[in-house]
Amino acid sequence: MVKFSMPLMGLMLLCWWATVTEAKYIKYKDPKQPLGVRIKDLMARMTLQEKIGQMVQIEREAASADIMKKYFIGSILSGGGSVPAKRASPETWVSVVNEFQKGSLSTRLGIPMIYGIDAVHGHNNVYNATVFPHNVGLGATRDPELVKKIGAATALEVRATGIPYAFAPCIAVCRDPRWGRCYESYSEDHKIVQAMTEIIPGLQGDLPAGSKKGVPFVGGKTKVAACAKHYVGDGGTTKGINENNTIIDFNGLLNIHMPAYRNSISKGVATVMVSYSSWNGKKMHANHDLITGFLKNKLRFRGFVISDWQGIDRITSPPHANYSYSVEGGVGAGIDMVMVPYNFTEFLDDLTFQVKNGIIPMARIDDAVKRILRVKFVMGLFENPMADLSLVNQLGSQEHRELAREAVRKSLVLLKNGKSAKNPLLPLPKKAPKILVAGSHADNLGYQCGGWTIEWQGLGGNDLTSGTTILTAVKNTVESGTQIVYNENPDLEYVKSNKFSYAIVVVGEPPYAETAGDSMSLTIAEPGASTITNVCAAVKCVVVIVSGRPVVIQPYLAKIDALVAAWLPGTEGQGVADVLFGDYGFTGKLARTWFKTVEQLPMNVGDPHYDPLFPFGFGLTTKPTKQI
């Protein structure tokens, strides 16, 4: 019989305990480990199936906890208008997001999924959220600090619903207002767009001192991963046709469309979305030189590159005509995560086949997964994968609505004030016997908010979400003895016979998004022109244009006493009345050239044929008035 000494037994016990402890200790789950160590440890454990699953983003409607678990799906999105239920509460959103997350966490390695949404002017898909002015208006504020605050407020509202990733900001440089996405662009001038990338530290948090260039940063549970989009040249397409071809030499691309990406990367942006458009005939979703060669290698971007919705499908014409070719082209170009968003098994099968047969190298898959995991680790998803209800009161909070109201005030551009400079009409007196408010956009919250609001294309009417129309704002602002008469489209005789002190006419464009907004005519929606003509022929009038871009106004300008560009102000229409009635002065400056006729387009500041109705940078000012 072998006898063991007590010290020897103790040593054996210690070795056994160390082995058990080591088996339980998993490096990638340890937040104290360096980022690179965690990524390397996790990737060494992953199968090809688990890696390719991380590269897939599917629509909420196609997702379930079981699907997340079975296919190791890396991400879910809510597309425009994709909600768990109509008027869903933040509590409902949190519950739904967490159910999906439970599926991801129940996988062998427990890699959390990342949920993304288009929060492009506030948390715009969600009922009761604060809807901020669209970017075209924010560009007119010339106020990057304000835009940073809007980013921070948006992050809180997005997190309130359990979502950690926003597909914003759009840093397109819109060079032709005929483009249906021009309102998503801050300006035709890349310098303004560059300045407005301050929204990124608002969304994600300020980059810590000494951060490595290009490495993404997201500062905890009150911040979200941002997405600079759409890479690159989306705002420069021929005639402004959406998803079309941007014809420009490399220097032009670098000098106009690329600068804001440099700023975004230097501020730690987590993701970059690729554009549907082409550059000199080459689809951006298949452009290896610009995605891998320039964005990843030259600019040292270390976050992940995501496709647009069915973006790789559109590499071919018609879309999805040769999907395996699209998969090879898109993934081979350097796209890391593919917004499939429905037929994910087809993508998984095609990509798996291509890797196994050496068509796509394993190194390309590893690059993609490393980038996706880097973002997930950096933003703390492994430590805090489940959302809670601690931020639900942030959604549509009064503080955020006040911020949006301030943004509206600062975005308004005064284009004309009186038929002569000696006799300004604005600011309007609050005390008057009778004021006419007219126009299709005066009492229409949906029109005020524009596209990407509750639904992808936006909605008309006043029951889409909570907010203040311009008509209500006017009623809130005037003195109690002042009579407000609202008539959407009065005829000339009506206006003449009613002895109005003055009139406020609010007209513009209906809501639209993307291709549906492409316009070769850029006219005010009917009956806007006749409303202007009928009202302004009979009484002093201020015309407020609610639109996503400059529109044809020259034919009516002589009839109009005062003209205001209000862009797409969002839910806080009170900001419009604040400035019309002089509680605050007009300060906004055009961040877009206002053309005379569409035949002049494209026409941007600095062009040799520059002959605008109102030039880039124009904006009359008024001073606040104290009214008795």
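Leu522 is located in the loop between strand 15 and helix 20. The structure described here is a predicted model. Although Leu522 is not a glycine, its phi angle is positive, at about 50°. The residue is buried, with a relative accessible area of 0%.

The loop between strand 15 (502-508) and helix 20 (528-536) also holds Pro527. The peptide bond that leads from Glu526 to Pro527 is cis, and its omega is near 5°.

## Two further backbone features

Ile454 also has a positive phi, of about 65°, without being a glycine. This residue belongs to the loop between helix 17 (445-449) and helix 18 (470-477). Its relative accessibility is 15%, and Ile454 therefore counts as buried, since the limit for that class is under 20%.

A cis peptide bond is also found from Leu601 to Pro602, with omega near -5°. Pro602 is placed in the segment after helix 21.

## The chain as a whole

The chain contains 21 helices and 17 strands. For 628 residues, a compact globule would have a radius of gyration near 25 Å; the value for this chain is 27 Å, which agrees. Along the principal axes, the C-alpha atoms fill a box of roughly 120 × 50 × 40 Å.

Of the 628 residues in the chain, 61% are buried. The accessible surface comes to about 23,600 Å², and carbon and sulfur atoms account for 55% of that area. Among contacts between residues at least 6 apart in sequence, 76% join residues that are at least 24 apart.

## The nonpolar cores

The largest nonpolar core comprises 116 residues, and Tyr231, Phe347 and Leu351 have the most contacts inside it. Helix 7 (residues 144-160) gives the most to this core, contributing 8 residues. A second, separate core has 70 residues, including Val136, Ile524, Ala565 and Leu613.

Which residues does Tyr231 touch, not counting those up to four places away in sequence? Its partners include Met258, Tyr261, Val272, Met273, Val274 and Phe294.

## Strands and their partners

Strand 5 (residues 227-231) has 5 of its 5 residues buried, so this strand is largely enclosed by the rest of the structure. Strand 5 pairs with strand 7 (residues 271-274) in the parallel sense, over 4 bridges. In this pairing, Cys227 stands opposite Thr271 of strand 7.

Elsewhere, 3 strands form an open sheet in the order 6-8-9, with mixed pairing. Strand 6 (245-246) and strand 9 (282-283) stand at the edges; each has a single partner strand, so one side of each is left without a neighbour in the sheet. Strand 6 and strand 8 (residues 278-279) run parallel and are joined by 2 bridges. Thr246 stands opposite Trp279 in strand 8.

## Aromatic pairs

The structure holds 13 aromatic pairs. In one of them, the ring centres of Trp309 and Tyr342 are 5.6 Å apart and the planes meet at 85°, so the pair is edge-to-face. This pair links distant parts of the chain, 33 residues apart: Trp309 is in the loop between strand 10 (304-306) and helix 13 (323-333), and Tyr342 is in the loop between strand 11 (338-339) and helix 14 (344-356). Trp309 counts as partly exposed at 22% relative accessibility, and Tyr342 counts as partly exposed at 34%.

Trp567 and Trp594 form a tilted aromatic pair, 5.9 Å from centre to centre and with 45° between the planes. Trp567 lies in strand 17 (residues 562-567) and Trp594 in the segment after helix 21 (574-580), so the pair ties together parts that are 27 residues apart in sequence. Trp567 is buried, with a relative accessible area of 1%, and Trp594 is buried, with a value of 0%.

Not counting residues up to four places away in sequence, Lys27 touches Gln33, Val37, Arg38, Asp41 and Arg45. Lys27 and Lys223 are 196 residues apart in sequence, and their C-alpha atoms are 25 Å apart in space.

Notes
Residues are numbered from 1 along each chain as its sequence is written. This is a predicted model: local features need pLDDT of at least 70, side-chain atom pairs count only at pLDDT 80 or more; totals for chains, interfaces and linings use all residues. Side-chain values use heavy atoms; hydrogens and water are left out. Contact means heavy atoms within 4.5 Å. A nonpolar core is a set of buried Ala, Val, Leu, Ile, Met, Phe, Trp, Tyr and Cys residues joined through side-chain atoms within 4.5 Å. Buried means under 20% relative accessible area, exposed over 50%, partly exposed in between (1.4 Å probe, protein chains only). Two strands pair if DSSP finds at least two bridges between them. The radius of gyration is taken over C-alpha atoms; the globule rule is 2.2 Å times the number of residues to the power 0.38. Accessible areas come from the Shrake-Rupley method with a 1.4 Å probe; for residues, only the protein chains shown count as cover. Rings of Phe, Tyr and Trp (its six-membered ring) pair if their centres lie within 6.5 Å; planes under 30 degrees apart count as stacked, over 60 as edge-to-face and the rest as tilted.
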